[in-house]
Amino acid sequence: MPATFILLYRYTDDVARQDAVRPAHLAHLRRLVDAGTLVASGPWGAGEVRGGLLIMHADDLAAVQTIAERDPFMIEGVVATHEIREWLPLLGPAASALAVAKTAAG
């Protein structure tokens, strides 16, 4: 049964490379949305360390690692570091929405 994971990216300072690779990165993310894997994603706000967060459903950490390795941002060196964590959303509207989506996907 799928679990919920977060994938944290910290980007390099190479904004030009990020801009050049962004269309391929977004296409990758759209495929994950279409597959029911990616729940939400986005960059950190202005003034934060450059990076982003992806929330997804997957069978295990290894599956998320594979997804990360196929991301053009990773392949092209936009991501300096990444971290994967299983997440157990418990409270709030988002937690309820994730539970429904998880049940539908599973």
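**Close-up views of ring pairs and salt bridges**

Tyr9 is buried, having a relative accessible area of 3%, and this residue opens a set of close-up views of a predicted model.

**View 1. Tyr9 and Tyr11 form a tilted aromatic pair.** A pair of aromatic rings is described by the distance of the centres and the angle of the planes. The structure holds two aromatic pairs, and in the one formed by Tyr9 and Tyr11 the separation is 6.5 Å centre to centre, with 50° between the planes.

**View 2. Tyr11 and Phe73 form an edge-to-face pair.** The ring centres of Tyr11 and Phe73 are 5.5 Å apart and their planes stand at 85°, an angle over the 60 degrees required for the edge-to-face class. Because Tyr11 lies in strand β1 (residues 3-11) while Phe73 lies in helix α3 (residues 72-75), the pair ties together parts that are 62 residues apart in sequence. Phe73 counts as buried, at 1% relative accessibility. Seen together, Tyr9, Tyr11 and Phe73 are linked by ring pairs into a cluster.

**View 3. Asp19 and Arg22 form a salt bridge in helix α1.** Side chains of opposite charge can pair when their charged atoms come close. Between Asp19 and Arg22, the closest N and O atoms are 2.9 Å apart. Both residues belong to helix α1 (residues 15-34), where they are three residues apart and therefore separated by about one helical turn. Asp19 is partly exposed, with a relative accessible area of 41%, and Arg22 also counts as partly exposed, at 31% relative accessibility.

**View 4. Asp14 and Arg17 form a salt bridge.** The count of salt bridges in the structure comes to three, and in the one that joins Asp14 to Arg17 the closest N and O atoms are 3.5 Å apart. Asp14 is partly exposed, its relative accessible area being 33%, while Arg17 counts as partly exposed at 37% relative accessibility.

**View 5. Arg85 and Glu83 meet in a salt bridge.** Here the side chains of Arg85 and Glu83 come together with a distance of 2.5 Å from N to O.

Terms used. Residues numbered from 1 in each chain as written. Predicted model: local features only at pLDDT ≥ 70, side-chain atom pairs only at ≥ 80, totals over all residues. Heavy atoms only, no water. Phe/Tyr/Trp six-rings, centres within 6.5 Å; stacked < 30°, edge-to-face > 60°. Buried < 20%, exposed > 50% of the residue type's maximum accessible area, 1.4 Å probe, protein only. Helix = DSSP H or I, 4+ residues; strand = E, 2+ residues; numbered from the N terminus. Salt bridge = Lys/Arg side-chain N within 4 Å of Asp/Glu carboxyl O.
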